[in-house]
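The sequence and the coordinates come first, and the description follows.

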Amino acid sequence: MEANGTKGLLLNEPLIFEKSSEGRVGVEPASFDVPRADAAALIPGGLLRDGLDGFPDLSEIDTVRHYTRLSQWNFGLDSGFYPLGSCTMKYNPKVNEDIAGMTGFTRIHPYQSEDLSQGALEVMYELEAYLAEISGMDAVTLQPSAGAHGELCGLLMIAEYFKSKGRPRTKVIIPDTAHGTNPASSHLAGFKVVPVKSEGKGVLTVEAVKAAIDRETAAVMLTNPNTLGLFESHIKEIADLVHSKGGFLYCDGANLNAIMGIMKLGDLGVDVVQFNLHKTFSTPHGGGGPGSGPVGVRLVLEPYLPVPRIKKAGKKFKLVTDRPKSIGRLKAFYGNFSIMVRAYSYIRRMGGEGLKRASETAILNANYIKERLKGTYQLAFDRPCMHECVFSDKLQQADGVSTMDVAKRLIDYGYHPPTVYFPLVVPGAIMVEPTETESLETMDKFIEAMRAIAQEAKTNPELLKNAPANTRVQRVDETRAAREPVLKWTGVKK
Amino acid sequence: MEFPKDLKYTKEHEWVKVEGNTATVGITDYAQDSLGDVVYVELPPEGGSVTKNEPFGVVESVKAVSDLYSPLSGNVTEVNDAIIDSPEAINEDPYGDAWMIKVEIGSDDDLADLLTADEYQKFIEEEK
């Protein structure tokens, strides 16, 4: 078969410190036209830096080549298929970048007066309203800087709600199919985490929640669709149960990309949800971020939202900070504004119908891959999935080949590997999320590669165990890297 | 894979060795094999207390981070600090050098529901 992966010329590049040549400079500043002053005479000694140890001396072209070469070693969404389950590596349309790059947005300053920031405030106000409509919530804050920060925001509001009623609650119930960050966020918000196991079919049952819930339970925190890519079908009954005990239902919205435009979480009884703009609304991920994790709530929690809030008075927008019940400020200024602009642009361009079609296509694509690889790889749950599907290495174990070997071999074929060994409830998990932005041809080629690798596992397992072979660096020793981490560059080789 | 007959086991894959009033706790051969190379372990302080079925520490491998669940309640009389510096011992000798904590047995009732080697082996066969 024709594979994507091939060899090409990649240039070696040392660490930037190793390229340093004493006295070399990139830019020569213009000579001073004012008298030079002695810094030590003007600034207290404790605040003065002695020197800049190890800072490299480089020309402009050395620096440009350094970073250009490093960038050529990267694999990103713009270079190939990236089916990293749970992460929603959908394509980010370039028009979002154009809009976010408009000077009205890029040349704005957070200390600028309200009068001169009306456009920015309007974008934020409208984005809040769109997210509220998509989720069926009553109010939204855009402040949190990523998904887990949004979780913390939601949980702090829930904690504050019970505190203000004079009867604080201590527990949060979290199923093992929830997003991995949920227990950490709950702990950070001061709650005790009560874990609940999903039943055989990979979803949470009402009985399991019933056995764990009591009047100390502040919230049940689930992820829907859950982290196995399955729809939590009992969510409505679970919502009724938690409400009958006076608690809240928090839904981690990390997988909203499978349901947006089709259904509203508010209709299912959800009280709080966070949105991962960098996943669902096609803004950049990770190192290319920053992220953004707005939070939507029902009216009962609205007074607790972080300040400032954006209000519309007549035709004017203003920032309101005088809100006594608010949990306060969670982020400097107003959140990651330029990311909000990208999400706003995405929503406006897609429209309601477009968002719905994106969800439907994401589900269709995941089910297509699931059906076509079923049997070649063991399917964790043989039932319709949402936006991602989970396999395991069970069928490859007899050949002594593991999930890690399959993942490494996929790199040779030119693909970013899927998520591996997560979710934890599936031993040897291989989690594939194609997203809606991939074509049938791309998925077919990926399926062919996965099948070819399963065949290689039988005929030439060593090929997998030594993979990747086509990369600059072959299999790295992950164990040694974790046991003896080298975290700091320690000196120039002279 | 080994499951020594003189040990008791939990469904969370810990083993317990009872000697007089002291219970020594570690993780099983099956647990270390499923985790893969262990790179980090976190244990409670000596003199602290642990509660049955509650987490008492953390074990991290290149694949995943997992809680360690205490098979019984009681005070921690000894902690195996050596495995903190050499977590690879957990992979190499899970029932010997890589014991984790020693606990003063508070109540024999805590030990009643622990599994025998045969029961544990049967349990993991079903889990697979």
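The C-alpha centres of domain 1 and domain 2 of chain A lie 31 Å apart. Domain 1 covers residues 96-349 and domain 2 covers residues 358-471 of chain A; such bounds come from an automatic or database domain assignment. The model is predicted: local features need pLDDT of at least 70, side-chain atom pairs count only at pLDDT 80 or more, and totals for chains, interfaces and linings use all residues. Residues are numbered from 1 along each chain as its sequence is written, while chains are lettered from A and ligands numbered from 1 in the order in which they are written.

Contact between the two domains involves 18 residues of domain 1 of chain A and 14 residues of domain 2 of chain A. Two residues are in contact if their C-beta atoms, placed from the backbone, lie within 7 Å. On the side of domain 1 of chain A that touches domain 2 of chain A, 8 residues are nonpolar, 8 are polar and 2 are charged. In this division Ala, Val, Leu, Ile, Met, Phe, Trp, Tyr, Cys and Pro count as nonpolar, Asp, Glu, Lys and Arg as charged, and the others, Gly among them, as polar.

The largest nonpolar core has 113 residues, and those touching the most other members include A:Met157, A:Ile158, A:Leu249 and A:Met340. A nonpolar core is a set of buried Ala, Val, Leu, Ile, Met, Phe, Trp, Tyr and Cys residues joined through C-beta atoms within 7 Å. A residue is buried if 20 or more other C-beta atoms lie within 10 Å of its own, exposed if 12 or fewer, and partly exposed in between, with C-beta atoms placed from the backbone. Helix H11 (residues 337-373) of chain A gives the most to this core, 14 residues. Helices (H or I, at least four residues) and strands (E, at least two) are DSSP runs, numbered from the N terminus. Domain 1 (96-349) and domain 2 (358-471) of chain A each supply at least three residues to this core.

A second, separate core of 30 residues includes B:Ala23, B:Leu35, B:Val39 and B:Ile90.

Strands S8 (residues 309-313) and S9 (residues 316-320) of chain A pair in the antiparallel sense over 5 bridges; pairing requires that DSSP finds at least two bridges between two strands. A:Ile310 has A:Leu319 in S9(A) as its bridge partner. The hairpin of S8(A) and S9(A) has 2 residues between the strands, and A:Gly314 takes a positive phi near 65° there.

Most residues other than glycine have a negative phi, and most peptide bonds are trans.

| Cis peptide bond | Omega |
|---|---|
| A:Phe422 and A:Pro423 | about 0° |
| A:Ala467 and A:Pro468 | about 0° |

A:Pro423 lies in the loop between strand S12 (419-420) and strand S13 (429-432) of chain A. A:Tyr421 is in the loop between S12 and S13 of chain A; its phi is positive, near 55°, and with 23 C-beta neighbours inside 10 Å it counts as buried. A:Thr435, in the loop between S13 and helix H13 (440-459) of chain A, has a positive phi of about 65° although it is not a glycine. A:Thr435 counts as buried, with 25 C-beta neighbours inside 10 Å. A:Pro468 lies in the loop between helix H14 (461-465) and helix H15 (478-483) of chain A.

A:Thr376 is in the loop between H11 and strand S10 (378-379) of chain A, and is partly exposed, with 17 other C-beta atoms within 10 Å. Leaving aside neighbours within four places in sequence, A:Thr376 is in contact with A:Met450, A:Arg451 and A:Ala454.

Chain B has 5 helices and 9 strands. Its radius of gyration is 13 Å, close to the 14 Å that the globule rule gives for 128 residues, so chain B is as compact as a globular protein of that length. The radius is taken over C-alpha atoms, and the rule is 2.2 Å times the number of residues to the power 0.38. Buried residues make up 36% of the 128 residues in chain B. Between the chains, 7 residues of chain A are in contact with 7 residues of chain B.
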